[in-house]
Amino acid sequence: MFGDAQSTGNNGMSIHTSENNWILETRNTAYVFGINAAGLLKHRYWGVRLPNQADYPAALNWPNWASFNNAPHLAQEEYPGYNEMKFIEPALKISFPGGVRDVVLRFERAATEGEQLYIHLRDTYFHLNVTLIYTVHAAEDIIERTVTLSNFGDQPMTIERVFSAQWHLPYGDQYRFTHLSGRWFDEFKIQQENLKPGVKVIESRRINTSHHANPWFALDRGGADEDQGEVWFGALSWSGNWKIAAEVTDFASTRVNVGLNDWDFAWALKPGETFNTPSAFAGYTVEGFGGASRRLHDLIRGRLPNPKTPHRIHYNSWEAVFFNVDVQSQIAAAEMAAGLGIELFVMDDGWFHKRDDDHAALGDWWPDERKFPDGLKPLIDRVKALGMDFGLWLEPEMVNKNSDLYRAHPDWVLHYPHRERTEGRNQLILNMARQDVQDYLIEKLDGLLGANDITFIKWDMNRSVSEAGWPEYEGEQREIWVRYVQGLYRVWNTLKERHPKILWQSCSGGGGRADMDILKIADEIHVSDNTGAAARLGIQEGFSMAYPAITMEAQVSDMEAPIPVAFRFHVAMSGMLGMSCDLTKWSAAELDEARKWIAVYKEIRSIVQFGDQYRLRPAQAGSGYSAVQYMSKDKAEGVVFAFRTHIPDPANPLALRLRGLEAEAQYTVEGFEGARSGQAWMHSDNLFMLKNFESTVRKIKRV
Ligand code: GLA
C-alpha cells in the first residue's frame with residue numbers, strides 16, 4: 001500500500017521523493033518542499049516544471065534577523081504551527097493541557113500512495129500527530145492539500161485554528177490579489193488589489209459559503225491578463241465558514257492561508273479522535289486568468305456527481321407565479337414549456353403545506369392540500385406525459401415559527417438561551433448538527449422523494465446565520481460551525497444515495513452556496529436571483545473565474561423584459577439554459593423565438609457544458625461590450641457569444657479575436673465569409689457589428 005518515501009523513486013509519475021525532499025510534478029508545473037538543516041519543513045519552489053530535479057532551489061536555513069526575528073519567522077514553512085518567536089499567520093494553533101498554547105511540529109516520516117503524498121509530523125511533547133496529505137492532479141496542474149490531526153494520547157486538546165494549506169509564492173511583495181465579492185442579487189464581483197505588508201482576509205462567517213465572498217483566489221505580479229502571464233490560483237472545498245488570508249510578511253514573503261474560518265471556532269480533540277480539514281486546491285499557470293479558470297473548470301467538472309451528463313433545459317415556476325402554484329396553473333405552464341422544447345419542469349416555492357407567502361410553512365414538507373388535493377402525482381403524471389422530467393424546490397434547513405415542525409420542536413433551531421431568535425425572511429435555521437434534526441429531515445424528504453417521480457431538486461437556503469448556539473450540546477459550543485456543515489452533508493448525501501436518479505442544484509438565495517464541496521453533491525448552482533440579462537453578463541463572468549459553465553444555471557426571465565428576447569436567450573445560453581417567466585404573457589412571435597433558441601441551444605450545449613471557456617472581452621470592466629467563447633476539447637467545434645449593452649463611443653469597432661483554435665487548421669465562423677486558418681481567426685480583428693442591446697451567437701467549425 002504505502003511506498004517507502006525515504007528511498008529515491010518516482011511514485012505514480014508525479015511524486016518524486018528523496019531524502020527529506022519532495023517534488024510534486026504536474027503536466028506543466030512543480031511544487032517542491034523539503035526539510036532544512038534546522039528540521040523545519042520548508043517550501044522550496046512552485047512554478048513551471050524544470051528539466052532536472054537538481055534544478056529546484058534547496059530548503060534553505062534562515063539566519064536570525066536581529067533579536068526580534070528568529071529564523072522560523074523568516075522561513076517559508078510548509079505548514080507553520082504557532083510557536084517560537086514567530087509572528088506570521090500560522091496554519092495551526094492548538095491549546096494543550098497545562099496552558100500550553102503553541103505547537104512544535106517535527107517531521108516523522110513520509111509515504112506515498114498513488115498520486116498522494118503523506119507527510120507525518122508530530123508534536124515534540126504532546127500526543128498530537130499532524131498529517132499533511134498532498135494529492136497531485138497532474139492533468140490540471142493542481143495540487144490538493146488536506147490535513148489530519150489525531151490525538152493519540154489520553155489528554156484532551158483544543159484546536160483553535162487548522163487551515164488546510166499555506167501556499168507560498170516565490171519571494172517578493174509585488175503581488176496582485178484577485179478575488180470575488182458581492183451581495184445578494186449582485187454576486188461574483190471581480191476584485192483586484194495589490195497586496196501590501198500585512199494580511200488581507202476574505203471570509204465567510206455566515207455558516208454557508210456566502211454571497212459576499214467566495215473561497216477562490218488568484219495571484220499574479222500585476223502583469224497577467226486573460227491569455228498570458230503567471231497566475232497562482234486556488235479554492236477551498238467547503239460549504240461553511242471559511243477564510244483566505246493572504247499575507248505579505250515584513251520580510252517580503254507572500255503566502256496564502258486557506259481553510260476553515262477560525263473566527264469563533266474551536267474543536268475539542270478528545271483522546272483517540274481525529275479531525276480532517278476540507279481540501280484546499282491550488283495551481284499555477286503561465287496562461288493567465290483564462291488558463292487558471294480552465295484548469296479549475298476541468299477539475300471541478302471531473303468531480304461533479306454526474307460529470308458526463310448534459311444538463312437539461314429547464315423551466316422554473318418562481319418568477320412566473322412566485323408562491324401561487326397549484327395543480328391547474330402548473331399543468332398549464334408545463335404544457336406551454338413542453339411546446340417550446342423544455343426538458344425539465346421545476347416547481348419552485350409555494351407547493352407545500354399552508355405555504356402562501358414567506359411567513360409560514362417551512363419545515364412542513366408535504367403537498368398543500370388546497371393547491372394539490374390529490375398530491376403531486378397528477379401534475380407529475382402530466383409533466384411526464386408531455387415528455388419532460390419533474391423537479392421540485394426544497395429548503396430543508398429552514399423552519400418558520402408558524403409551522404407544525406417548529407410548534408413541535410422549538411429547540412431544534414440554532415439559538416442562544418436568554419437571547420431573541422433573530423429571523424431572516426421570517427425564518428429560523430434548523431440545527432443541522434443535531435442527529436435528531438438530521439434523521440427527521442432524512443425520513444421526511446426520503447418519503448417525499450420515494451413517493452413521487454422526481455429527478456431534480458433545487459436545494460435552497462435563504463438566510464444567513466445568527467445566534468449559532470446549541471444549548472443542549474455538552475461539548476465545545478464553537479464546534480457548531482463545522483458540525484452544522486457535516487450534518488448538512490450527511491442529510492444531503494443520504495438522500496442522494498437513496499435517490500440516485502436525482503440531479504441536485506445548490507441555491508442559497510442565488511449564489512450563496514457555490515463552492516467545490518457542494519459541487520460534489522450538487523451538479524449545478526443557482527448563480528443569482530438576479531436574472532436580468534444585462535446584470536447577468538457580469539455575474540456570470542465572475543462566476544466563471546472559478547466554476548465551469550455546466551454548473552452555471554442561467555435563466556431567461558421577464559426581469560429587464562424590454563431587453564430583446566434574443567439577447568436574454570444568448571446570455572442564458574452561454575451557461576446552462578433555463579427559463580423562469582410567465583409564458584402566458586409572451587406573444588406568439590416571442591414564443592416562436594424562444595422555441596428557435598432552445599433548438600439552437602440543443603445543438604451547442606455539449607460545447608458550452610463540456611468545452612473550454614475563453615472570456616474574450618470582460619463584462620464587468622464596463623465597456624458595454626463583452627464576449628465569451630467555448631471550444632470543444634478536440635477543438636473541432638466552438639461557439640462565440642457577443643453582447644453589446646451600450647457603447648458610449650459609437651465609432652468604436654467591435655473587434656474580437658477568437659481563442660483556442662488549432663493554428664494550422666481551417667475554420668469557418670457563422671456570419672463570416674469563407675474558411676480561414678485558426679491563426680488568422682486568433683490574430684486578426686473580426687468585426688461583430690452590434691447595436692445597443694444586440695447580441696449574437698456564432699458557431700465555429702473546423703473544416
Ligand atoms: C430563493 C431562490 C429563488 C426562489 C425563492 C423561493 O430566493 O433563490 O430562486 O427559489 O427562494 O422562495
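**Arginine 434**

I started with arginine 434, which touches Asp411, Trp412, Trp470 and Glu472, leaving out residues up to four places away in sequence; contact here means heavy atoms within 4.5 Å. I found arginine 434 in the loop between strand S27 (427-429) and helix H7 (435-451). Helices (H or I, at least four residues) and strands (E, at least two) are DSSP runs, numbered from the N terminus. A polar atom of the arginine 434 side chain sits 3.2 Å from the backbone oxygen of aspartate 411. A polar contact is a pair of N or O atoms within 3.5 Å; within protein, one must be able to donate a hydrogen and the other to accept it, and residues adjacent in sequence count only if both atoms are side-chain atoms. I also checked cover: arginine 434 counts as buried because its relative accessibility is 10%. Buried means under 20% relative accessible area, exposed over 50%, and partly exposed in between (1.4 Å probe, protein chains only).

**Ground rules**

I keep in mind that this is a predicted model, where local features need pLDDT of at least 70 and side-chain atom pairs count only at pLDDT 80 or more, while totals for chains, interfaces and linings use all residues. Residues are numbered from 1 along each chain as its sequence is written, and side-chain values use heavy atoms, with hydrogens and water left out.

**Ligand site**

Which residues come nearest to the ligand? I got Asp348, Asp349, Arg425, Lys458 and Asp529, out of 13 residues around the ligand; a residue is near if one of its heavy atoms lies within 4 Å. By class, I read three nonpolar, four polar and six charged residues in the shell. For those classes, Ala, Val, Leu, Ile, Met, Phe, Trp, Tyr, Cys and Pro count as nonpolar, Asp, Glu, Lys and Arg as charged, and the others, Gly among them, as polar.

Then I went through distances from polar side-chain atoms to a ligand oxygen. Aspartate 529 gives 2.4 Å, arginine 425 gives 2.9 Å, and asparagine 462 gives 3.1 Å. The protein covers 96% of the 310 Å² of accessible area that the ligand has on its own. Those areas come from the Shrake-Rupley method with a 1.4 Å probe; for residues, only the protein chains shown count as cover.

**Cores**

I looked up the largest nonpolar core next, and it has 191 residues. A nonpolar core is a set of buried Ala, Val, Leu, Ile, Met, Phe, Trp, Tyr and Cys residues joined through side-chain atoms within 4.5 Å. Leu149, Trp351, Phe569 and Met579 touch the most other members. Helix H8 (residues 480-498) supplies the largest share of this core, ten residues. Apart from it I noted another core, of 20 residues, with Ala627, Leu661, Tyr667 and Trp681 among them.

I followed up on tryptophan 351. Beyond four places in sequence, its contacts include Val325, Trp365, Trp366, Pro367 and Leu448.

**Helix H11**

Is helix H11 buried or exposed? Nine of the nine residues of H11 (residues 565-573) are buried, so the helix is largely enclosed by the rest of the structure. I listed what covers its buried residues, including helix H10 (533-544), helix H12 (588-610) and strand S40 (694-702).

Aspartate 404 is in helix H6 (residues 404-408). I have it as partly exposed, with a relative accessible area of 34%. Past four places in sequence, aspartate 404 touches His353, Asp364 and Trp366. Its C-alpha is 7.5 Å from that of glycine 363, 41 residues away along the chain.

Alanine 360 lies in the loop between strand S24 (344-347) and helix H5 (377-385). At 12% relative accessibility, I count alanine 360 as buried. Its contacts beyond four places in sequence are Lys354, Arg355, Asn400 and Asn402.

Valine 103 sits in the loop between strand S7 (92-95) and strand S8 (105-113). Valine 103 is buried, at 0% relative accessibility. I saw Gly81, Tyr82 and Asp123 among the residues it touches.

**Positive phi**

Most residues other than glycine have a negative phi, so I flagged the exceptions I came across. Glutamate 560, in the loop between S31 and H11, has a positive phi of about 55°. Lysine 635 has a positive phi of about 65° and lies in the loop between strand S34 (625-631) and S35. I read glutamate 560 as partly exposed at 31% relative accessibility, and lysine 635 as partly exposed at 26%.
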